Amino acid sequence: QVQLVESGGGLVQAGGSLRLSCAASGKIYRITPTGWYRQAPGKQRELVALITSDGTTNYASTVKGRFTISRDTPKNTLYLQMNSLKPEDTAVYYCNAPTAWYDYWGQGTQVTVSS
């Protein structure tokens, strides 16, 4: 079985910081998480940040300069450092591991930013 598990969400005041982690595991199949997405109430799930195999990163314009995506390859873990958080960042954050046959998603971790 393959699995993605996010952690690190919580409640933080505007201007604060959080670091999200996404741990990937697989007994037979190896999956590599490469992207962070978020979904706010009443809105579509949207891309937050993406990292390619060569380390190139891509960010949504709304988070660029505030969020940083990174990975620990030996641990097969994806991270999202979120600084200068805004109430608009409030959402459930998901990590994603795309494959040729299926997109794997974690269960999500709630991030709530208060004013």
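Which residues of strand E1 (residues 2–7) form its covered face, and which its uncovered one? The points below take up this matter and others in a predicted model.

1. **Strand E1.** The covered face of E1 consists of Val2, Leu4 and Glu6. Gln3, Val5 and Ser7 make up the uncovered face. In a regular strand, side chains alternate between the two faces of the sheet. E1 is paired with strand E3 (residues 18–26) in the antiparallel sense, over 6 bridges. Within E3, Ala24 is the residue that stands opposite Leu4.

2. **Strand E11.** With strand E2 (residues 10–13), E11 pairs in the parallel sense over 4 bridges, and Leu11 has Thr112 of E11 as its bridge partner. With E9, the pairing is antiparallel and runs over 3 bridges; here Ala91 stands opposite Val111.

3. In soluble globular proteins, nonpolar side chains tend to be buried together. The largest nonpolar core of this model has 28 residues, and Trp36, Leu80, Met82 and Tyr93 have the most contacts inside it. At least two residues of this core come from each of E1, E3, strand E5 (46–51), E7, strand E8 (77–82), strand E9 (91–98) and strand E11 (109–114).

4. **Met82.** Apart from neighbours within four places in sequence, Met82 is in contact with Gly16, Ser17, Leu18, Leu20, Arg66, Phe67, Tyr93 and Val111. Among these partners, Tyr93 is listed with Met82 as a residue with the most contacts inside the core.

5. **Phe67.** This residue lies in strand E7. Phe67 counts as buried because its relative accessible area is 3%, under the 20% limit. With neighbours within four places in sequence left aside, the contacts of Phe67 are Arg38, Val48, Tyr59, Leu80, Gln81, Met82, Asn83, Leu85, Asp89 and Tyr93. Phe67 and Leu18 are separated by 49 residues in sequence, with a C-alpha to C-alpha distance of 9.7 Å.

6. **Arg66.** Is Arg66 buried or exposed? Its place is the loop between strand E6 (57–59) and strand E7 (67–72). Arg66 counts as buried because its relative accessibility is 11%, which is under 20%. If residues up to four places away in sequence are not counted, Arg66 touches Gln81, Met82, Asn83, Ser84, Leu85, Lys86 and Asp89. For one of these, Lys86, the separation from Arg66 is 20 residues in sequence and 10.0 Å in space, C-alpha to C-alpha.

7. **The E7–E8 hairpin.** E7 and E8 pair in the antiparallel sense over 6 bridges, with Arg71 standing opposite Leu78 of E8. The two strands form a hairpin with 4 residues between them. Asn76, in the loop between E7 and E8, has a positive phi of about 50° although it is not a glycine. Most residues other than glycine have a negative phi. Asn76 counts as buried because its relative accessibility is 9%, under the 20% cut-off.

8. **Ser84.** A positive phi also occurs at Ser84, with a value near 50° in a residue other than glycine. Ser84 is placed in the loop between E8 and E9. At 41% relative accessibility Ser84 counts as partly exposed, because this value falls between the limits of 20% and 50%. Ser84 is also one of the residues that Arg66 touches.

9. **The largest pocket.** How much space lies in the largest pocket? The volume is about 160 Å³. It is lined by 13 residues, of which Arg38, Lys43, Glu46, Glu88 and Asp89 are the closest to its centre. By class, the lining holds 7 charged, 4 polar and 2 nonpolar residues. Two of the residues closest to the centre, Arg38 and Asp89, are also in contact with Phe67. Asp89 is touched by Arg66 as well.

Definitions and conventions
Residues numbered from 1 in each chain as written. Predicted model: local features only at pLDDT ≥ 70, side-chain atom pairs only at ≥ 80, totals over all residues. Heavy atoms only, no water. 1 Å grid on protein atoms, 1.4 Å probe; cavity = no way out; pocket = protein on both sides within 12 Å on 5 of 7 lines; lining within 4 Å. Points joined across faces, edges and corners; volume = space filled by probe spheres on them. Nonpolar A, V, L, I, M, F, W, Y, C, P; charged D, E, K, R; others polar. Buried < 20%, exposed > 50% of the residue type's maximum accessible area, 1.4 Å probe, protein only. Pairing = 2+ DSSP bridges. Contact = heavy atoms within 4.5 Å. Core = buried A, V, L, I, M, F, W, Y, C linked by side-chain atoms within 4.5 Å.
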